[in-house]
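Dear colleague,

Please find the structure below, together with its sequence. My notes on what was found in it follow.

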Amino acid sequence: MEQQLGNEITPTQIDSFYQTHISQFLLERPLVKGVYVKIPLADAGVKNVRKWYIQREDEVLEQLEKYSFEHAADYLYFYDKWMPLEEVITKLPLNVSNPVGYVTANPHLELKDTAFYHFLHVDSVLSVGDPMPLDYAEGEIREMLMNIKRVDFMRQVRNELYNEAQEKGRILYY
């Protein structure tokens with residue numbers, strides 16, 4: 001069946017389905033874009049990280065990335081993809097009742113616990129109820145379109161089998 005269906009869903013089909021059914025793609029949890037770095041308190045490069053993590057220039061981000069790979073206990077670059085806020089916020093020594101409001105009001109966070117500095121820069125925030133970004137919804141849309149293709153294919157095969165059986169007189173009506 002998969003061979004007959006093919007698994008080609010084009011970006012145009014995905015975009016069209018998304019635009020037509022955007023009300024079905026509302027966020028159930030907040031999403032963010034940004035960068036997170038966790039470095040030891042004793043690290044000599046804290047001052048540099050403090051400057052770098054809030055900047056968006058490619059050269060600066062490259063310096064931050066190189067430094068983080070060598071010195072950071074944790075590094076997460078997510079400027080280019082949406083991440084659930086709870087996945088990011090759980091990395092922080094922070095307990096707030098309204099994380100969306102907190103990171104919106106404080107897009108540059110520097111927190112400290114007993115062993116580490118935690119740096120979080122939030123570039124973009126989407127709240128519960130906002131439309132899902134297309135790139136975030138794409139996998140779900142692709143699966144929905146494949147399911148529609150499967151159902152249509154099975155319906156077509158069933159109709160062809162029925163018509164063939166009817167033509168050959170193999171259907172008995174009582």
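**Tyr 102 and its surroundings**

Tyr 102 is in contact with Leu 94, Val 96 and Leu 109, leaving aside its neighbours within four places in sequence; contact means heavy atoms within 4.5 Å. This is a predicted model, in which local features need pLDDT of at least 70 and side-chain atom pairs count only at pLDDT 80 or more, while totals for chains, interfaces and linings use all residues. Residues are numbered from 1 along each chain as its sequence is written, and side-chain values use heavy atoms, with hydrogens and water left out.

Tyr 102 belongs to helix H6 (residues 99-105). Helices (H or I, at least four residues) and strands (E, at least two) are DSSP runs, numbered from the N terminus. Tyr 102 counts as partly exposed because its relative accessibility is 26%; buried means under 20% relative accessible area, exposed over 50%, and partly exposed in between (1.4 Å probe, protein chains only). From Tyr 102 to Gln 156 there are 54 residues in sequence and 53 Å in space, C-alpha to C-alpha.

**The chain as a whole**

The chain holds seven helices and four strands. From the N terminus on, these elements run α-α-β-α-α-β-α-α-β-β-α.

The radius of gyration of the chain is 25 Å, whereas a compact globule of 174 residues would have one near 16 Å. The radius is taken over C-alpha atoms, and the globule rule is 2.2 Å times the number of residues to the power 0.38. Taken along the principal axes, the box filled by the C-alpha atoms is roughly 85 × 35 × 25 Å.

Of the 174 residues, 33% count as buried. The accessible surface of the chain comes to about 11,100 Å², and 50% of that surface belongs to carbon and sulfur atoms. Accessible areas come from the Shrake-Rupley method with a 1.4 Å probe, and for residues only the protein chains shown count as cover. Among contacts between residues at least 6 apart in sequence, 72% join residues at least 24 apart.

**Salt bridges**

Side chains of opposite charge can pair when their charged atoms come close. A search of the whole structure finds nine salt bridges, a salt bridge being a side-chain nitrogen of Lys or Arg within 4 Å of a carboxyl oxygen of Asp or Glu.

One of them joins the side chains of Glu 86 and Arg 29, at 3.0 Å from N to O. Glu 86 lies in helix H5 (residues 85-89) and Arg 29 in the loop between helix H2 (11-20) and S1, so this pair ties together parts that are 57 residues apart in sequence. Glu 86 is partly exposed, with a relative accessible area of 32%, and Arg 29 is partly exposed as well, at 35%.

Another salt bridge links Lys 66 with Glu 62, whose closest N and O atoms are 3.4 Å apart. These two residues are separated by about one helical turn because they stand four residues apart in helix H4. Glu 62 is partly exposed, with a relative accessible area of 46%.

In helix H7 (residues 134-167), Arg 142 and Glu 138 lie four residues apart, about one turn of the helix. Their side chains meet in a salt bridge of 3.1 Å, N to O. Arg 142 is partly exposed at 31% relative accessibility, and Glu 138 is partly exposed at 32%.

For charge, Lys and Arg count as positive and Asp and Glu as negative, while His and the chain ends are not counted.

Lys 33 lies in strand S1. Lys 33 is buried yet has no salt bridge, and the nearest side chain of opposite charge, Asp 135, is 4.9 Å away. Not counting residues up to four places away in sequence, the residues that Lys 33 touches include Phe 78, Trp 82, His 121 and Asp 123.

Asp 43 is found in the loop between strand S1 (31-40) and helix H3 (46-52). Asp 43 is also buried without a salt bridge, with Arg 50, the nearest side chain of opposite charge, 10 Å away. A polar atom of the Asp 43 side chain lies 2.7 Å from the backbone nitrogen of Gly 45. Beyond residues up to four places away in sequence, Asp 43 touches Tyr 67 and His 71.

With kind regards

Note on methods. Polar contact = N/O pair within 3.5 Å; in protein donor to acceptor, adjacent residues only side chain to side chain.
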